[in-house]
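Here is a short report for a reader new to this structure. Look over the sequence and the model first, then read on.

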Amino acid sequence: MAKTIQFRYIIFYDDKVPVGIAATQYISFNTNELKLHEFPCSISGTITNTLFKNTDIKVLVCGNLFSCGEHGFSYTDRLTATDAFENLSNALRELSKIETTDKPSFILLKEFWPASFNNSDSIKKQDFRDFKIDVNMVLPIRPEWNDFNMYLGSMKTKFRTRAKKVFKNSSEIIVKSFNPDDILFYAKKINSLYLSVIEKADFKVEKLNASIFQNLKKNLGDSFIFKGYFLEDRLVGFKTAFILKDALEANHIGIDYEYNKTHDIYQKMLYNYVALAISKKVPELRLGRTAEIIKSSIGAEPVEMKLYVRHCNSISNALLKPLVDLISPSDYEIRHPFKLQVQ
């Protein structure tokens, strides 16, 4: 990871009092390694030829490439949104200039929830262009779901029957909580399972590995979940999640696809995420992008998110808007598994 991603952190002060913080990732990747015809957001040939006309791309990202959501910028109520994002823009542009080699071509802010649009749109005053990306699938956790059985009881018969079939097919799978030592012990297999999933992704800049998961568990403790899925004594899958104040955020997974066909490992993971979110009493479960149909079949709903981009060259940035306007989220289908609620 160190070869392609570097980290920069910015702290904002008001009269020596910290009032904001930004986390950035400076990335470099080769466009020849990307499947641009299957990019996560539909990009026309014009954008492909313009934004990615150079083989090597350098981007300064405010946010986290490995996690969906608002993980790049936070500020206190001592700042208005306009002031906060103006200062962020100035800091990011200054940071892009002081890189000694391989200066970035783009600055990217990723990615914001609809509730933040009124504030995050302030960055557009600094000549950033906004665009929508593929939806994030989110399951609102109903207050009346005291346990997983109550969740199942709220589903239509067809979807409840499907869930029971998943439980039957995966009945031999044993789920175990991992501590840092467990992650180290199974590191080689974890890397293999993770690679089997990430290699299916159409867009990938860098890969994580077991040592990163181990460090997350060491440093975050119970706030970071790592579960191993075993068939007899064989590790056939794993899932991770972050427990936030307002959500359970599903994160990286690993799956042995040979056993997934016979034991519904992935679907079992999704239902386990639901059960965990209910037990933690969080308002929502965030399942991330992709696999909209299967995620909607457990009740997740599509939520649009925004990114903001700016070319570091003022002239090129002026030409960016009509191109960014052509970017649109991928088409998707969703299911509606719940019974109608009586008002």
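## The cavity

By class, 3 nonpolar, 2 polar and 2 charged residues make up the lining of the largest cavity. The model examined here is predicted. Which residues line the largest cavity? They are C62, E70, H71, G72, F73, K110 and F112.

The largest cavity holds about 30 Å³ of space. The structure has 1 cavity of 30 Å³ or more. Rolling a probe the size of a water molecule over the atoms shows where empty space is left.

## The second largest pocket

Next comes an open space. The second largest pocket has a volume of about 520 Å³. It is lined by 27 residues. Closest to its centre are F7, Q25, N64, L216 and F242. By class, the lining of the second largest pocket has 13 nonpolar residues, 12 polar ones and 2 charged ones.

Which element gives the largest share of the lining of the second largest pocket? Helix 8 does, with 6 residues. Helix 8 spans 210-220. Several elements each supply at least two residues of this pocket's lining. Among them are strand 1 (5-14), strand 2 (17-30) and strand 5 (73-75). Strand 11 (248-255) also supplies at least two.

## Two helices that cross

Two packed helices are described by the angle between their axes and the distance between the axes. Take helix 5 (residues 157-169) and helix 10 (residues 265-280). Their axes come within 9 Å. They cross at roughly 115 degrees. Angles of 65 to 115 degrees count as roughly perpendicular, so helix 5 and helix 10 are roughly perpendicular to each other. The crossing of helix 5 and helix 10 is left-handed.

Which residues meet where helix 5 and helix 10 touch? Helix 5 brings F159, R162, A163, V166 and F167. Helix 10 brings Q267, K268 and Y271. By class, the contact of helix 5 with helix 10 has 5 nonpolar residues, 1 polar residue and 2 charged residues.

## A loop residue, D102

Where does D102 sit? D102 is in the loop between helix 2 (81-98) and strand 6 (106-112). Leaving aside residues up to four places away in sequence, D102 touches Y26 and K58.

D102 and K58 are 44 residues apart along the chain. Their C-alpha atoms are separated by 7.1 Å.

Note on methods:
Residues numbered from 1 in each chain as written. Predicted model: local features only at pLDDT ≥ 70, side-chain atom pairs only at ≥ 80, totals over all residues. Heavy atoms only, no water. Axes fitted to C-alpha atoms, helices over the stretch in contact; angles between N-to-C directions. Helix = DSSP H or I, 4+ residues; strand = E, 2+ residues; numbered from the N terminus. Parallel < 35°, antiparallel > 145°, perpendicular 65-115°, else oblique. Left-handed = near helix turned anticlockwise from the far one by under 90°. Contact = heavy atoms within 4.5 Å. Nonpolar A, V, L, I, M, F, W, Y, C, P; charged D, E, K, R; others polar. 1 Å grid on protein atoms, 1.4 Å probe; cavity = no way out; pocket = protein on both sides within 12 Å on 5 of 7 lines; lining within 4 Å. Points joined across faces, edges and corners; volume = space filled by probe spheres on them.
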